[in-house]
Amino acid sequence: MDTFVQEVLEAYQRDKTRLMDILIDIQAQFGYIPPAVVGQIAEALQVSRVDVEQTLSFYHFFSTTPRGEYAIYLNNSVVANMMGRAKIAKTFEDELGCKFGEVTPDGKVGLFETACIGMSDQEPAALINGVVFPNLTPFRVREIVRDIKAGKSPEEMLTASYGDGQNSSPLIKAVVQNHIYKKGPVLSDDYQPGEALKKIVQMTPEAVIEEVKASNLRGRGGAGFPTGLKWEFCRKFPSKQRYIFCNADEGEPGTFKDRVILTERAQLLLEGMAIAGYAVGATQGILYVRYEYKYLQKHLEEMIRIGHEKGYLGQNIGGKEGFDFDVRIQFGAGAYVCGEESALIESAEGKRGEPRDRPPFPVEKGYLDQPTVVNNVETLCSVVKIILNGGSWYRSFGTEASTGTKVLSVSGDCRYPGIYEVEWGFSVNDILDMVGADVEDVQAVQVGGPSGACIGPDEFDRILCYADLATGGSMIIFNHRRDLLREVILNFTNFFIEESCGSCVPCRMLSVIMRDKLLKILNGHGVYQDLIDLEEWGKIMKANRCGLGQTAPRPILTSLKNFRHLYEERLQDKDFDSGFDLEAAIKDACEATQRTPHLHKPERQETAYENELVGAIGDLL
Amino acid sequence: MSVVKFIIDGVECIAEKGEYLLQAARQNGIYIPSLCHLEGYKPRGSCRICNVKVNGRLMTACTTPVADGMDIENDTPELRDIRTAILEILFVEGNHFCPACERSGNCELQAQIYRHQIMAPRFPFQFPDRDVDASHPNILKDYNRCILCKRCIRAIKDENGKSFFAFKKRSHKVEISMDPTMKENLTEELAQRAMEVCPVGALLRKEKGYDTPIGKRKYDKQPIGSEIETAK
Amino acid sequence: MSKPVVATTSLAGCFGCHMSILDIDERILDLIELVEFDKSPINDIKTFSRECDIGLIEGGCCNSENVEVLRDFRKHCKTLILVGECAIMGGLPALRNNIPIKECLEEAYLNSPSVTENEERIIPNDDELPIILNKVYPCQEIVKIDYYLPGCPPRADLIWETLVALIEGRKPKLDYELIKYD
């Protein structure tokens, strides 16, 4: 054990900023991070043990106790539930004889829940030692458990053909499907790697930035900050070293478009990163990929290797003296909040994924305190096409204020869940029509994932654009048979609770208190005041530092606004109900003392007793 | 250093450029309530009670450098409500039994609650299951009272800059852990310092406490922040 | 005009808050002029004899009887005021809130060093006894509460000012020193 750990530590030069990589390698080797190893790491990195633990304990996929030879992570997202997760979970538990959160007594299999793994178009899905098992059925689960008992490796357990496109490449070998139903500039097959790089070396970095600014491209992760402006800020901030980050940590439940882009258009993405590097004057790029997509690691490494081989990455790119750019991959380890750009940077520095205070902004002081640009996968891909065809060409797509296209991840109740690259300006109705949803039967659409908005049919004419429905691309469709509050809103709220970094007070705790209030209503104890409380308390959440904390109440708030009747029909016709249940509250004591609860002592008896007493005293007198 | 002008609640103020808003306001005799802030250490903006509106946007005063022409709202009903709510959340999140706490009367959470005239929290008490760690010879950690302000994390380090305290886990399950291997390095001086930087009674020197009689404690007579406001 | 009627009770409390009510010193004479007392340990009236204007509650709810009394107060009092930390947040009795009830009872009746005369190892379970709740509940988590007076105990001046203001139908004037949590 010691020598392996030493090798890992040496491989990362005992550099504490590479703690994530160190922990990932050790977790992969042993299935957990043994306590003795924590001490060894702390010593090698010359930090306290608690400093290693603070990172280690932050991420969902790290553990200090064994997670089993086969660590099964079953997605518990809304879409997974809609597609029959409950039966899958039960079959796993029955077949394995162990519950979720546990490891079988022989240490062979661990069964765990995990948040959306980016497979919403092929749910229910699980990760087993990093291998994706989509489209699970109880039958398939029994097969898997049989194979586990027979000692097969997860790769050997795959029974279906590998998926379409690069999914079947020898470096991926995944049974995952791309489900690309509509292509545009980003997903277009019409792409020759290196063409845009040839073009930019003839341009000044400032001209590249101007071209991107002219395109009016805005960040595709959801926040929508103008890309050219971000680059310009970074370039202008004085520094010797700058960094380009690609944010491929897509964790918003219901999105999976970056998975498809990483699978099919990795070259395009790397070229986009190199262009960004050229434009802002950065020589190092970091592709931060969520742990759930670790199955793409070899493929992505190969794409980087090819980039070097063909001269798209490395030294003197495109023959231009001094245009150096290299990319390394940084994997996460299960933390939605790392999708926030400053948390992503913290994580890449080996720390807890806690968002930073701003100012300073990453473009001034980012990775290792140097100016850093963090761009979404799709943004960087779009850049390549903008360089090739010009900013004004790009502006011909979309609307005037929201130019270009958006890659949507569509899932839920529709015939063709998958990837659709559409121009900005599509209405929700257009999209429902496009994806084969039974429009009459659609109860609600969650636009932009849990941090977006839950809207009903009266708003389906709203359009996707930064001024109306801005979105990172997640669209989840719910038909009328879905219990919107219990199945959707509660799940989303729990998701935000689990994914809070725990730093800001309202995000850490008020989200829990609001969830409990929602549960009170769902359990039939709601009164009208509870709705007012939820609305008022939701406002306090604005005080949080980052987007996660600020949007955490949105599932409740947007459903309260748009589906108020679902709340109201559950309310009681009285002014006050604390939800206190006396029978439940005395249960433990009754059991401990073997008493039968008799709560409602008849009042008559009491009075009779007192009268008796008065009588007795009277007699004495 | 250049001097900048800015406005807080209509009052014109001046400060050195780059000064954090919280201090800049205090230099001008305006108190912005704070809890996680610790003079002399890098601010962290985690308690969020120093939220003010800068040109209409919510920002934490402890982390925001003051700039020329900033228009700042501090004492408004909206901000008072946010602060009050956050204090109430902190109060129900832990197990704050003031009558039995060594820090009562000198506690900053309690002092803020007094300042904001909170009679009772609007939120239900969580009664979390939390531990007391009395294993160390010099210091006692009562996690029931911790408000996760990170002051001890930031302020208490050994001569090599190694931490004694750190966050552990995330979400509402987050906690402060004390390094077991660093125990012998936690000198009496550091323990004393840890107790002083802790705004509540979560870190205490052993065998010390209740040494100031009721009526003479720091916040018995005057609200926290009043020394800044009266200095004006 | 008839005088406002006040009722008081101590649930899971130590009667310290009632002591603080008495701590208004000679103003107790004024109080008697201002109000009448119904059910209260102060006058030893055990049951409500009429509808009351103000109910003062000391202590949280640690057993089924506390809950019944509290609900009874809500039923009979127009305005309900929580007096003291225990009523508002459980107080010291709530220190047991994270210990399983079985452990609490065993500690109290079987295992603690002060247990000397329980050779049959009986945990009291007579039907006449109230049943212990799984935790001590703050009163506002059971019935609707109108006002809160924090403190352990609340300062006598706080209680006095609140009562008088309420009777006079004005907002109480709460000086800084009146609001204390200890």
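Modeller: Let us begin with one helix, α16(A), in which A:V377, A:E378, A:T379, A:L380, A:C381, A:S382, A:V383, A:V384, A:K385, A:I386 and A:I387 are buried. Buried means that 20 or more other C-beta atoms, placed from the backbone, lie within 10 Å of a residue's own, while exposed means 12 or fewer and partly exposed lies in between. This is a predicted model, in which local features need pLDDT of at least 70 and side-chain atom pairs count only at pLDDT 80 or more, whereas totals for chains, interfaces and linings use all residues. Residues are numbered from 1 along each chain as its sequence is written, and chains are lettered from A and ligands numbered from 1 in the order in which they are written.

Colleague: Which residue follows α16(A)?

Modeller: The helix itself is mostly covered, with eleven of its 13 residues buried. The residue that follows α16(A) has a positive phi, near 95 degrees, and is A:G390.

Colleague: How many residues does domain 2 of chain A give to its contact with domain 3 of chain A?

Modeller: An automatic or database domain assignment sets the bounds, and in chain A it places domain 2 at 70–160 and domain 3 at 181–395. The C-alpha centres of these two domains of chain A lie 33 Å apart. Counting two residues as in contact if their C-beta atoms, placed from the backbone, lie within 7 Å, domain 3 of chain A gives twelve residues and domain 2 of chain A gives 14.

Colleague: Which element gives the most to the side of chain A that touches chain B?

Modeller: The contact takes 31 residues from chain A and 32 residues from chain B. On the chain A side, the elements that give two or more residues are α4 (49–56), α19 (484–499) and α20 (505–522). With seven residues, the one that gives the most is α20(A).

Colleague: How many nonpolar residues has the side of chain A that touches chain C?

Modeller: Here 16 residues of chain A are in contact with 17 residues of chain C. Ala, Val, Leu, Ile, Met, Phe, Trp, Tyr, Cys and Pro count as nonpolar, Asp, Glu, Lys and Arg as charged, and the others, Gly among them, as polar. On that basis the chain A side has two charged residues, four polar ones and, as nonpolar residues, ten.

Colleague: Why does B:L38 count as partly exposed?

Modeller: B:L38 is found in the loop between α1 (21–27) and β3 (51–54) of chain B. Leaving aside neighbours within four places in sequence, B:L38 is in contact with B:R151, B:R154, B:A155 and B:V197. B:L38 counts as partly exposed because its C-beta neighbours inside 10 Å number 19.

Colleague: What percentage of the residues of chain C count as buried?

Modeller: Chain C has six helices and seven strands, and its C-alpha trace spans about 60 × 35 × 30 Å along its principal axes. Of its 182 residues, the part that counts as buried is 42%.

Notes:
Helix = DSSP H or I, 4+ residues; strand = E, 2+ residues; numbered from the N terminus.
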